[in-house]
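User: Could you take me through one part of this model slowly? I'd like a close look at the place where two chains meet.

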Amino acid sequence: MKQAILKATVALALLSCKRDLEAPVPSLAWEEFTSAAAVRLPGSTLQRIEGVYTLEQGTEDFGTLAPAKWSYTVNGTDTLYQLSFFLEKQSAYIICEGRRLDSSILLNGYWRRMVNTETGRIRLTIAKEAGAGSLLNGATASTSVVIAGVYGFGETVPDIPIRLRYSQPLFNATPFQILAHRCGGRTADLLPASENSVEMTKLAARFGATGIETDVQLTKDGVPVVYHDATLNERLIQKNGLVGPVKNYTYAQLYALVRLTNGEHIPTLREILTTVLYNTPLQFVWLDSKYPESIAIERQIQAEFMQKAAAMGRQLEIVIGIPGEEVMTAFKQLPNYQSVPSLVEYSPEEASAVHARVWAPDWTLGLQNEAVAAQQAQGRRVFTWTVDIPENVQRYMREGRFNGILSNFPSMTAYYYYARQ
Amino acid sequence: MQDNKKFFLVSLLLLCLFQVYGQEQFSSQPTKRSQYSWVATFSGGAGYYVSNKGTPALLSRKISNLSHVTTFRLMWFPDHLLHVGLETGHLTFYTYSFRDSVNTEGVVKLKAIPVLIEWSMAVTKRLNLFAGSGVYFLTTNLDYRGKATSNKLSIGWMAAGSYIVPLSANLGLGTELKWMNASEASNGILSLQAQLVWKFLNW
């Protein structure tokens, strides 16, 4: 009896221990890929590889279809081009960089499942005779393009075969915004950067996002910063002795003392928009206004960055999110508020009243096809949030009429959108 | 100052005499059926902050993890071994000073006021074990490029063991080893306190 109690106590103690989950990006070392003879591929070549691929090997881990989409990140004077594959099984994705080696194309990267912590290396090759020759000479992908290679789990050397064959172009018949929550994804999902950070914003397009949602609040000295929670807490930041609301501290104090989970500082709204504009191909930013006090300065910054984007000939839309009546009251204090690009989350009537560009109902309210159609008839787009379950994304795309979906897993939305027939 | 010292020593002597000559001595365990009492405990001592310190690694900093822990506890002693009550007080989890890259100095203090419901078991007449849960009102005091005070409520818990030496029927002197933990920011402090225990109401 005593032994049983002791065993139960020990088991309880062990099970009570907090497990620190991690999903680190594995090492991408590949001698062939980093050899002097391997030359970086330009974005235009990766763009020609875009399309929906059918998996001929590797289906047990990744499913049968893999839409591939290219993106870029500008880092100073350097531009890094990536090719992402969005996979059917367990919201997985692959992110690769590309190089040319002789007449072959090498794709080196990692894969990750969003439903758990599984990740691993992947090394792919398009041989000259498997389509690389024509791709490198300016042709777009066709059914003769075959990508073959190996993948592994964790840091193990990849040795499981994978083979993908081009089957069709990416679906783009109806324009659609794939929006990533909190600048790209949540800290809780163990991504390589913290939510609502500059670094996460740079990753968003690789995850398949065409736009981001971000959370705006003011510091004590009136600086608009991007941070989701009402208070500083260890869900989002490293321990530092600071507790309570962000608005109790000045920006200088937060900048000096607060680091997000992965070591980044809490960014200003200007930093995020600068990153979106100059470093990424993102086209849409949804400013989720946490408190009414930030509306006036959000409007100034929104106008400034939309002007900058227009001057660059860059397609970028920034909307002020109105989650409820309190923020709506503050929004209506803005001069010419009906011409301010906005997104209303709650009532379609209010969306019409303020001439919002977007009405964004919660997904739990259902498809609402009639209400959605009525809003679209007024020239308004309709996005829904925050859809994270694959079956729901699939259903909302198949049966709904939405113009965009906000998700914590943009790679999953990208899969269901681009793989459509 | 001298007078205070004399007063303290005389008081202590009197208390000891009470203990020696008293008819009945303070006990954490019931001495008879249907005897109930309220017991107040005044504790003060030092705490050592044992949790991960959590200071910004990029700054030059100096951490102080020794601090005061002052608490007050009110317990109901029924005629059995299990007691229940409330504890509150004031403590500083930790303090650190730092200097940024342009030599501007700053100080962070993380303080707390616990409000905990506690259960205790009188293991012997003198030895008690405590466990409790409740809330901690956390306060950050920051002095760096201006002052900031910020509060947050955290759930938390405590566990302790105390040993009480009786001074009279209603008074005891004790020492308590106590772990106090505010879950919100993984803040835990181990304290050693001296305490005065007073059974101020019996019926």
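Analyst: Let's start with a working definition: two residues are in contact if their C-beta atoms, placed from the backbone, lie within 7 Å. This is a predicted model, where local features need pLDDT of at least 70, side-chain atom pairs count only at pLDDT 80 or more, and totals for chains, interfaces and linings use all residues. Residues are numbered from 1 along each chain as its sequence is written, while chains are lettered from A and ligands numbered from 1 in the order in which they are written.

Now for the meeting place. Chain A puts in 20 residues and chain B puts in 23. On the chain B side, the elements giving two or more residues are β4 (82-99), β5 (105-122), β6 (127-143) and β7 (147-166). Helices (H or I, at least four residues) and strands (E, at least two) are DSSP runs here, numbered from the N terminus. The largest share of that side comes from β7(B), with 4 residues.

What sort of residues are they? That side of chain B splits into 11 nonpolar, 8 polar and 4 charged. Ala, Val, Leu, Ile, Met, Phe, Trp, Tyr, Cys and Pro count as nonpolar, Asp, Glu, Lys and Arg as charged, and the others, Gly among them, as polar.

Among contacts in chain B between residues at least 6 apart in sequence, 60% join residues at least 24 apart.
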